[in-house]
Amino acid sequence: MQPSDRDWLKRLKTAEQKVFSQNGEDGILLRILANIGWSDRRYYVEFGTESGNECNTRILRDLLGWSGLLMDGSNDNPGINLHKESITPENINDLFAKYDVPEEFDVLSIDVDFDDYWIRKALDRKYRPRVVIMEVNGALPLEDSRTIDPTDSQRWPAPGGKASTRRRRPCPATFYFGSSLRAIRDLNRLLGYTLVAVDAQAVNAFFIRDDILECQGAQPLPIEELYVHNPPAPNVPETNQTRQWLFLDEAGNVVKKEFRPV
């Protein structure tokens, strides 16, 4: 990046390119790293990876020679350091300690199809990735800051995949999952990270640690310009009125709990 180029954040949408990622996340991630740099460790952590064939960090592993930790609720592959683990807000810090995750590393990617918000919130703040990627629920409106109730006992069945990190009762893939972009943005802002991009399919949001972004002198686009509304096509409306959303204020406090169709 040229020192005078302070508008690169505004052009992240043009960087989308799919190599191994679900959508255009590969291109966005590489553009971010090309501008902010990376540590000597070149280390990533990603969970909810399924087999590891299609995920956000494979391009770092296969094409750039990085190393890191992969975890998934249904898959294990020692060859790529993928471990079968049930990932919850209660055990995330124990898992990071178990696998010797360094406190300072480069990329954290979270995609467990349900309580991503609560896992991120529970992660010890001593862990300081340079970039965070988190799944968002693209069906939820921009103005809402809401997330699922982490005590909900149902999980998508996802027989071959990443969801159901702590499977209890299986349920169809409904729109009751994850969190709105605003909720994820507010949480990461409290943790010292700034929203810089959302992929065109509204699946993943990208954040850069504030101290790194400040050194860039670059101005990110506001959430209103980054927001993408794109409900996942295979999902069905949630009709079970006992499954209630938690509505949050900017500080992450629950201000309301109610059933609301998407």
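Two strands count as paired if DSSP finds at least two bridges between them. Helices (H or I, at least four residues) and strands (E, at least two) are DSSP runs, numbered from the N terminus.

With that in hand, select residues 128-135 and 204-209: strand 5 and strand 10 pair in the antiparallel sense over 5 bridges. Before going on, note that this is a predicted model, in which local features need pLDDT of at least 70, side-chain atom pairs count only at pLDDT 80 or more, and totals for chains, interfaces and linings use all residues. Residues are numbered from 1 along each chain as its sequence is written, and side-chain values use heavy atoms, with hydrogens and water left out.

**Stop 1**

Now widen the selection to the open sheet of 7 strands, ordered 3-2-1-4-5-10-9 with mixed pairing. Strand 3 and strand 9 (193-198) are the edges, each pairing on one side only. On average, neighbouring strands here are turned by 20° against each other, direction ignored.

Bring in the helices next. Helix 1 lies across strand 4 (104-110), strand 5, strand 9 and strand 10, and runs at about 10° to strand 10. Helix 5 lies across strand 5, strand 9 and strand 10, at about 145° to strand 9. The axes behind these angles are lines fitted to C-alpha atoms, for helices over the stretch in contact, and angles run from 0 to 180 degrees between N-to-C directions. Contact means heavy atoms within 4.5 Å.

**Stop 2**

Zoom in on strand 6 and strand 11 (residues 245-248), joined by 3 bridges, and you'll find Thr147 opposite Leu246.

**Stop 1: Ser179**

Buried means under 20% relative accessible area, exposed over 50%, and partly exposed in between (1.4 Å probe, protein chains only). Leaving out residues up to four places away in sequence, Ser179 touches several others, including Tyr117, Asn137 and Ile184.

**Stop 2: loops worth a click**

Select Thr88, in the loop between strand 3 (82-84) and helix 3 (92-98). Thr88 counts as buried at 8% relative accessibility, and a polar atom of the Thr88 side chain lies 3.1 Å from the backbone nitrogen of Glu90.

Then look at two non-glycine residues with positive phi: Arg42, at about 50°, and Glu50, near 55°. Arg42 lies between helix 1 (25-36) and strand 1 (43-47), while Glu50 is in the loop between strand 1 and helix 2 (58-62). Arg42 is partly exposed at 33%, and Glu50 is partly exposed at 37%.

**Last stop: cysteines**

How many disulfides does a search of the whole structure find? The count is 0, a disulfide being a pair of cysteine sulfur atoms within 2.5 Å. Cys55 is buried at 4%, whereas Cys215 is exposed at 70%.

Terms used. A polar contact is a pair of N or O atoms within 3.5 Å; within protein, one must be able to donate a hydrogen and the other to accept it, and residues adjacent in sequence count only if both atoms are side-chain atoms.
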